[in-house]
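Welcome! Open the model in your viewer, and let's walk through it together, beginning with a pair of side chains.

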Amino acid sequence: MIHRRFPWKPFAALLLAAALPPTTQAGDWPQILGPSRNGHAENEKLLDKWPDDGPEQVWRRDLGSGYAGPAVKDGVVYLFHRQASSELLDAVDLKTGERIWTCDMAASYRASINPDDGPRCTPIVTDDSVIVFGAAGQLRSINRETGKIRWAVDLAREFSAQEGYFGFGSTPIVYDKLVLTNVGGRDNSAVVAVTLKDGQFAWRAGNDGASYASPTMATVAGRPYAVFVTRLQTILLDPFTGRILYGFPFGQRGPTVNAATPLVTGNKLFVTASYGVGAKLVELEKTQFKPIWENDDTLSSQYNTPVLVGDYLYGIHGREDLGRAELRCVELATGKVMWSEIGPGTSHLIYADGKLIAVTHDGVAILFKPDPKKFQEISRFQAGKDIVRALPALSGGMLLVRETGQDGGPVRCYQIGAK
C-alpha cells in the first residue's frame with residue numbers, strides 16, 4: 001500500500017469549470033443508491049410480475065466479508081470485499097459474473113463490536129477510476145481498465161481519525177475533480193477533500209466525528225453544496241473550497257449512529273436516524289435553513305435510506321436490533337404516516353419503472369406499488385439465503401443482492417428486467 005504525507009500548502013486555485021459529476025449511461029449504478037444517490041434506477045424496464053418460483057438467477061460469485069454494495073458501470077460490476085489480510089476489488093462482467101480483474105490491497109481493520117471485518121463502503125465508479133474507502137480509513141483510486149492502484153491515501157492516519165463502532169463506513173462522493181470523504185479527523189478535519197486525479201490534499205472542514213451516512217449534493221441559490229451528516233451534525237459545504245454554508249445539530253451521544261443517506265428534493269432536505277434522534281425535514285435557504293417538521297414517530301431509520309416517489313417517502317421506521325422495524329409510506333410535506341407494514345422489517349429500497357423493490361434483512365425481495373393509500377405487494381422471492389445488509393444494485397434489468405453473513409457470502413444476480 002502507498003503511504004504519502006499530504007503537502008500542507010494551500011489549495012492553489014478554485015476550480016472554475018462547470019461542476020459536473022462523472023458521466024453515466026442509462027442503466028448504470030455507479031455508486032451507493034444509484035446514479036443520483038436517491039435509490040432511483042434510471043431507464044430500467046422491469047417485469048410487471050415475477051414468476052411464482054422467482055426470477056432467473058443468472059450467476060453467483062462467492063465473496064469475503066464486508067457490507068459494501070455492488071456498483072455497476074458500462075456492464076461491469078465492481079465488488080469490494082475482504083479475504084484474510086486483503087481488501088479486494090473485483091471487476092466482473094454483469095451478464096456472466098466472470099472476473100475481469102482483481103485489485104489486492106492490504107487490510108488492517110480489526111473488528112470489535114461487529115465480527116465482520118470487511119469494507120463497508122460501496123465503490124464509486126468514475127469515467128476511468130474506481131474509488132474505494134476501506135474499513136480502516138484508506139482511500140484508494142484504481143484504474144478501471146487495468147485494476148492497478150493509481151493512488152492511495154491513509155486518511156485515518158493523516159488526520160488522526162478514530163474508526164468508530166464499525167470502522168469507517170461513509171461512502172465518499174466524487175464531485176467535479178474532487179473526492180469528498182467523511183473522515184471525522186481532528187483539527188477541522190470532519191470532511192476532507194482530495195483531488196480525483198492524484199489524491200493530493202485539497203481542503204478540510206468541520207469539527208465532528210464521522211458517521212456512517214454517505215453524503216449527497218444539493219443546490220442552494222443556484223450553487224452546488226455537499227450535504228454531510230456527521231456524528232452529531234448535518235452540514236452544507238462548498239464542494240470546491242470546504243467553506244461551510246450552515247448546518248444544524250443531528251445525532252445523539254453514546255452508542256448511536258447516523259447511517260441513512262440524506263435525501264434532497266428541490267430545496268428540501270430530509271434526514272433520519274434511530275436512537276431517539278428522529279427525522280427532520282428542512283427548507284434550504286440562501287443563508288440559513290428553515291425547519292418544516294421534526295419528530296421521532298414518523299420515519300426514524302437505523303441505517304436504511306428511504307426513497308422518495310412523488311410526494312411520498314417509502315422507508316423503514318425502527319431498528320434491526322430492537323423490536324420490529326416497519327416499512328412505511330410517509331407524506332413528505334407533513335410527516336403524516338399513510339400506512340405501515342410490519343412484515344418486511346429492515347429493508348433496502350429501489351425505485352424503478354413505476355415500482356418499488358424492497359430487499360429485506362432476511363434476503364427476501366419484494367416487488368410492490370408506490371401507493372400512498374395502502375401497501376400493495378405484487379410478488380416476492382428469496383433472493384438471499386443469509387443476512388443481507390449490503391445495499392443491492394439494479395442495472396440493465398439485473399438485480400444484484402449480496403449476502404453478508406458472519407463469514408461473508410455470495411453476490412447473486414437475478415434477471416428482473418424484460419429480456
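Select Asp 238 and Arg 223 to start: their side chains are joined by a polar contact of 3.1 Å. A polar contact here is a pair of N or O atoms within 3.5 Å; within protein, one must be able to donate a hydrogen and the other to accept it, and residues adjacent in sequence count only if both atoms are side-chain atoms.

Before moving on, note that this is a predicted model, where local features need pLDDT of at least 70, side-chain atom pairs count only at pLDDT 80 or more, and totals for chains, interfaces and linings use all residues. Residues are numbered from 1 along each chain as its sequence is written, and side-chain values use heavy atoms, leaving out hydrogens and water.

Strands are DSSP runs of E with at least two residues, helices are runs of H or I with at least four, and both are numbered from the N terminus.

Leaving aside neighbours within four places in sequence, Asp 238 is in contact (heavy atoms within 4.5 Å) with Trp 203, Arg 223, Tyr 225 and Arg 243. Is Asp 238 buried or exposed? With a relative accessible area of 4%, Asp 238 is buried; the cut-offs are under 20% for buried, over 50% for exposed and partly exposed in between, using a 1.4 Å probe and protein chains only.

Finally, zoom out to the whole chain. Colour by secondary structure to find one helix and 32 strands. Buried residues make up 61% of the 419 residues, and the C-alpha trace spans about 60 × 50 × 40 Å along its principal axes.
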